[in-house]
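Morning, everyone. Please bring the structure up on your screens, and we'll walk through it together.

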Amino acid sequence: NQMIQDEFNRLIDDYCHSNHRRKIERITKAFNFANQAHKGVRRRSGEPYIMHPLAVARIVCNEMGLGSTSICCALLHDVVEDTEVQLDEIAQEFGTEVANVVDGLTKIAGLSEKGESLQLENYMKLLSAMDSDVRVVYVKLADRLHNMRTLESMPDDKKRKITSETNFIYAPLAERLGLYSIRDDLLDLCLLHERPEQYRSIEEKLSQSGKANEERIRELSQPIAKYLKQYGLVPQITSRAKAISSIYRKMEKKHIPFEEVYDVM
């Protein structure tokens, strides 16, 4: 119970540091409703099931920048599919807007079927869900991202199926929506589970070259910052490392070692 409460507190803290209107009571109500509905149920990893909706809600809030409606939908996204709660109860408690998103999520929940034709059919379901409310797809992407982050507890055949789906459906969809960091995370996690040795090798080399790259970025950015400040502008200069999956694809495509990938930063 303390672990659940701590995670919920982190969600509220995340939300309070966002630019959205403060609807903490609404989010708290959705959490209490979902927590009661999933009471006593555990994930394959052994943790209480409610920890998954909480994690999805934090992704929706922190990594997608969405507001209270989407957070509520994330907290409630598995309630109709996995418990005795009916959709009309969601509508009665949280309104038709939340109920419609939860309904869309319930309808596309069966995305673990075998076969490319069924994957394509489910991809079309995701696209059609965007017509009613694009938040259906956003929450579904957050759901898949957390599932990929916790894939270790799944059997190998399930891992392969989920990873294939993620490559074929979710990562391209995240790219279409402009969610590039989500796309990169999904593809990195796919590589981690498909080719763990290659992933770990690139990860280690990135770590070894990290400080040198950061110093080089600092040296390059200093004259830019100095120039802008002459005109009364205070710049914020950031850098990022190329995604591990992107580095791997470049190495494979060009048949080159890590050391010859020159756009790592």
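One term before we start: contact here means heavy atoms within 4.5 Å. Keep that in mind for Tyr199. Leaving aside neighbours within four places in sequence, Tyr199 is in contact with Asp188, Leu191, Leu192 and Ile244. And a caution: this is a predicted model.

Now the overall picture. The protein has 13 helices and zero strands. So what do we see from the N terminus on? The elements run α-α-α-α-α-α-α-α-α-α-α-α-α. The C-alpha atoms fill a box of roughly 60 × 50 × 40 Å, taken along the principal axes. There are 265 residues, and 44% of them count as buried. Take contacts between residues at least 6 apart in sequence: 65% of those join residues at least 24 apart.

Next, the core. Which residues touch the most other members of the largest nonpolar core? They are Leu76 and Ile90, in a core of 71 residues. Helix α9, residues 135-149, gives the largest share of this core, with eight residues. Stay on Leu76 for a moment. Setting aside its neighbours within four places in sequence, Leu76 contacts Ala30, Phe33, Ala34, Ile90, Phe94, Val98 and Val102. Note that Ile90 is on that list.

Over to the N-terminal pair. Helix α1 covers residues 2-16, and helix α2 covers residues 24-37. Their axes come within 11 Å and cross at roughly 155°. Angles over 145 degrees count as roughly antiparallel, and that makes α1 roughly antiparallel to α2. The crossing is right-handed. Who makes the contact? From α1, we have Ile4, Phe8, Leu11, Ile12, Tyr15 and Cys16. From α2, the residues are Ile24, Ile27, Thr28, Phe31 and Asn35. By class, that is nine nonpolar, two polar and no charged.

Between those two helices there is a loop, and Arg21 is found in it. Is Arg21 buried or exposed? Arg21 is exposed, because its relative accessible area is 65% and the cut-off for exposed is over 50%. In sequence, Arg21 and Ser68 are 47 residues apart. In space, their C-alpha atoms are 8.0 Å apart.

How do α11 and α12 pack? Their axes are 5 Å apart, at an angle of about 120°. The two helices are therefore oblique to each other. On the α11 side, the contact uses Asp188, Leu191, Leu192, His193 and Glu194. On the α12 side, they meet Pro196, Tyr199 and Arg200. The classes here are four nonpolar, one polar and three charged.

That brings us back to Tyr199, which lies in helix α12. Tyr199 counts as buried because its relative accessibility is 11%, and buried means under 20%. Leu189 is ten residues from Tyr199 in sequence, and 9.1 Å away from C-alpha to C-alpha.

Last stop, α13, residues 244-254. Which of its residues are buried? They are Ile244, Ser245, Ser246, Ile247, Tyr248 and Met251. The cover over these buried residues includes α11 and α12. Recall that Ile244 is also one of the contacts of Tyr199. After α13 comes His255, with a positive phi near 55°.

That's the tour. Over to you for questions.

Note on methods. Residues are numbered from 1 along each chain as its sequence is written. This is a predicted model: local features need pLDDT of at least 70, side-chain atom pairs count only at pLDDT 80 or more; totals for chains, interfaces and linings use all residues. Side-chain values use heavy atoms; hydrogens and water are left out. A nonpolar core is a set of buried Ala, Val, Leu, Ile, Met, Phe, Trp, Tyr and Cys residues joined through side-chain atoms within 4.5 Å. Buried means under 20% relative accessible area, exposed over 50%, partly exposed in between (1.4 Å probe, protein chains only). Helices (H or I, at least four residues) and strands (E, at least two) are DSSP runs, numbered from the N terminus. Axes are lines fitted to C-alpha atoms, for helices over the stretch in contact, and angles run from 0 to 180 degrees between N-to-C directions. Angles under 35 degrees count as roughly parallel, over 145 as roughly antiparallel, 65 to 115 as roughly perpendicular and the rest as oblique. A crossing is left-handed if the near helix is turned anticlockwise from the far one by less than a right angle, and right-handed if clockwise. Ala, Val, Leu, Ile, Met, Phe, Trp, Tyr, Cys and Pro count as nonpolar, Asp, Glu, Lys and Arg as charged, and the others, Gly among them, as polar.
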